Structures are given as C-alpha cells and as structure tokens.
Amino acid sequence: MRQPRLVLCLSLRYYRNPNRGFEVNILPVVQLGRRERKKKAVRENICEQTLHLISRYGVDGITIDAICDCVDIAKKTFYNYYGSKHDLLVDICQSELLQRTDDLITEAIEQSDDLALQLDFILSVLATRNSTASKLERELIGYLVGSLSTNMSQGAGQLQFMSNCYNRLFNHSKEQLKAGLSPQFCAEMTVGMTNVITLNWLHDDHYDTSARFQSLQRFLKDSMLK
C-alpha cells in the first residue's frame with residue numbers, strides 16, 4: 001500500500017526574550033501531500049454544508065442523504081469520514097464550541113493576571129453569547145449539552161475537555177484561590193454551574209441568562225477567591 005506523502009518544512013516563530021530582544025524558534029511543520037489535502041478539503045466541505053443545513057432545518061431536520069447531496073459525494077464516501085451523523089455533529093461541536101471555550105480561556109489569561117477580572121471577562125462573554133446566539137449556535141449548543149447525558153463516554157470526554165480548560169485558568173492563578181480549594185475542584189464547579197445556566201436557557205425562552213451569569217460571577221469570586 002502506498003504510504004501518505006508528507007513534506008517536512010520549517011516554521012519560524014518569533015518571541016521576545018527580555019534579556020536578548022527578539023529571538024527565533026525554528027519548528028518543524030508537516031505539510032500534507034495531495035491526497036491528504038483532498039481528504040481534508042472533503043471533510044471541511046462536509047462540515048461546512050452541514051452547518052448550512054442546520055441553520056435552515058435544525059439538527060433534527062438534516063439527514064446524511066441531504067448532506068451527501070450538498071457535498072456531491074456518495075453515501076459510502078461519507079462513511080469514510082464519519083461513522084454516523086452523531087459523530088459528524090460531535091466533531092462540529094468540538095471545533096465550533098469546545099475549541100472556542102479553550103480560546104476564551106487563553107484570551108482571558110493573556111488579558112490579565114487577576115483571576116477576578118478573568119472570570120468577569122469569561123462569564124460576560126458567555127452571557128453575551130447566549131443572549132445573541134443565532135439559530136445555528138443555539139442548535140449546536142443544544143446538541144452538545146444533550147449529548148452530555150445521552151452518550152456517557154463522549155459526554156465524559158466533553159466535560160473533561162471543558163474542565164481542563166478551566167483548570168488551566170485556575171491553575172494559572174492558584175495563589176489567588178482560598179485555602180483548601182484546588183484548581184481542579186474550582187474548574188469542575190464552574191463547568192457544572194455554567195452548564196446548568198446554559199441548559200435552563202435552552203429550555204426556557206424567558207430565562208434571564210444575563211442575570212444568572214452576573215450572579216454566578218459574584219458567587220465564584222466570593223466563594224473561591226481570597
């Protein structure tokens with residue numbers, strides 16, 4: 001069997017050394033061959049067309065047949081990439097929602113070393129996200145939250161991913177936590193409470209998600225921070 005063709009290149013990454021000014025890291029970057037680039041393009045097209053369909057018909061209104069028609073691929077080709085519609089949706093939620101959480105934590109850490117300000121920033125972004133969410137975002141959030149309970153292994157993996165994101169936040173400023181509280185415990189409690197607010201928001205059109213996130217801001221700072 002012909003092995004995938006990989007091209008090894010070098011990437012230059014600049015960073016500032018406070019003692020010597022700007023320096024350069026030379027990092028190896030693996031570029032995909034033609035076949036792998038084609039497969040990547042098909043996978044991205046599947047995800048893109050699925051997002052268009054969800055925005056029009058909702059998660060429950062899309063089928064694998066409809067996705068294949070939009071992408072112009074055979075059903076057999078679809079199964080070369082995803083074992084089911086659920087696997088596809090989990091992949092989309094991972095890239096569209098879970099990765100966004102990790103990016104949000106990174107942004108908060110880069111903005112300030114004050115954990116209280118970091119929490120204010122993160123929860124205000126989450127509140128704004130919910131209050132301004134499009135139909136597509138609401139559908140994806142609903143599917144992600146729903147899969148936490150319907151599929152134990154994948155749900156556990158998603159919760160672990162979110163807990164790891166917040167654990168990174170609290171571990172970065174662990175000296176600001178009250179005595180006896182570990183970063184992991186604070187991360188788990190934060191994930192649990194934000195998920196409950198999101199779940200209530202999904203099922204109640206009149207739920208005041210902004211007020212709840214503001215209350216959560218005060219609660220986390222009063223109960224966890226020195």
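Helices here are DSSP runs of H or I with at least four residues, strands are runs of E with at least two, and both are numbered from the N terminus. This is a predicted model, in which local features need pLDDT of at least 70 and side-chain atom pairs count only at pLDDT 80 or more, while totals for chains, interfaces and linings use all residues. Residues are numbered from 1 along each chain as its sequence is written, and side-chain values use heavy atoms, with hydrogens and water left out.

**View 1**
D102 lies in helix α4. Its side chain makes a polar contact of 2.8 Å with the side chain of R168. A polar contact is a pair of N or O atoms within 3.5 Å; within protein, one must be able to donate a hydrogen and the other to accept it, and residues adjacent in sequence count only if both atoms are side-chain atoms. Skip the neighbours within four places in sequence, and D102 is in contact (heavy atoms within 4.5 Å) with F161, C165 and R168.

**View 1. The whole protein, for orientation.**
The protein has nine helices and two strands, running β-β-α-α-α-α-α-α-α-α-α along the sequence. Of its 226 residues, 36% are buried; buried means under 20% relative accessible area, exposed over 50%, and partly exposed in between (1.4 Å probe, protein chains only). Take the contacts between residues at least 6 apart in sequence: 63% of them join residues at least 24 apart.

A nonpolar core is a set of buried Ala, Val, Leu, Ile, Met, Phe, Trp, Tyr and Cys residues joined through side-chain atoms within 4.5 Å. The largest one here has 55 residues, and I46, F78, I122, Y166 and F170 have the most contacts inside it. Helix α4 (residues 85-111) gives the most to this core, with ten residues. Beyond its neighbours within four places in sequence, F170 is in contact with L115, L119, L177, P183, C186, A187, T190 and M224.

Which residues of helix α2 (residues 64-71) are buried? They are I64, I67, C68 and V71. Down the axis of α2, these buried residues fall within an arc of 100°, so they line one face of the helix; the arc is that of the directions from the helix axis to the C-beta atoms. Their cover includes α1, α3 (75-81) and α4. Just after α2, D72 takes a positive phi of about 65°. D72 and V42 are 30 residues apart in sequence and 9.9 Å apart in space, C-alpha to C-alpha. V42 sits in helix α1 (residues 34-57) and is buried, at a relative accessible area of 19%.

The buried residues of α5 include L115, L119 and I122.

**View 2. Helix α9 and its buried face.**
Helix α9 (residues 209-224) has 16 residues and reaches 22 Å from its first C-alpha to its last, close to the 22 Å expected at 1.5 Å a residue. That expected span is 1.5 Å times one less than the number of residues. Its buried residues are T209, F213, L216, Q217, L220 and M224. They fall within an arc of 110° seen down the axis of α9, so they line one face of the helix.
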